[in-house]
Amino acid sequence: KIFTKDHENKIHEILKKNHNITAKELQKVIKRNMSINVGIATVYRLIHKLGFSYITPRKNHYKQDKERVEEFKKKSTK
């Protein structure tokens, strides 16, 4: 096992304080603060194990008409 319960608690606190931290940034924080070198997949698994989810915003197509999108959203939520 790579992380002790103490490590997991510290990482959980980091995630609670900074909701917008990326997996790459968290990987660097773990290496700097805990001297543990882990892969990015391990970071994603740890985020999930601690009850967080890694969510990325949807991309908008450059030709997308924003007015039509908003109109569609209004119609689809009714």
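Predicted model: local features only at pLDDT ≥ 70, side-chain atom pairs only at ≥ 80, totals over all residues.
Residues count from 1 along each chain as its sequence is written, and side-chain values use heavy atoms, without hydrogens and water. Local features need pLDDT of at least 70, side-chain atom pairs 80 or more, while totals for chains, interfaces and linings use all residues.

Colleague: Is Gln27 buried or exposed?
Modeller: Gln27 lies in helix α2, residues 23–34. Helices are DSSP runs (H or I, at least four residues), numbered from the N terminus. Buried means under 20% relative accessible area, with a 1.4 Å probe and protein chains only. Gln27 has 18% relative accessibility, so Gln27 counts as buried.

Colleague: How are α2 and α3 oriented to each other?
Modeller: Helix α3 spans residues 40–49, and its axis is 9 Å from that of α2. Axes are lines fitted to C-alpha atoms over the stretch in contact, and angles run from 0 to 180 degrees between N-to-C directions. The angle here is about 100°. Angles of 65 to 115 degrees count as roughly perpendicular, so α2 and α3 are roughly perpendicular.

Colleague: Which residues of α3 meet α2?
Modeller: Contact means heavy atoms within 4.5 Å. From α2 come Ala23, Lys24, Leu26, Gln27 and Ile30. In α3 they meet Ile40, Val43, Tyr44, Leu46 and Ile47.

Colleague: What is the relative accessible area of Ile11?
Modeller: Ile11 sits in helix α1, residues 5–17. Leaving aside neighbours within four places in sequence, Ile11 contacts Phe3, Leu26, Ile30, Met34, Leu46 and Leu50. Ile11 is buried, and its relative accessible area is 0%.

Key. Helix = DSSP H or I, 4+ residues; strand = E, 2+ residues; numbered from the N terminus. Buried < 20%, exposed > 50% of the residue type's maximum accessible area, 1.4 Å probe, protein only. Parallel < 35°, antiparallel > 145°, perpendicular 65-115°, else oblique.
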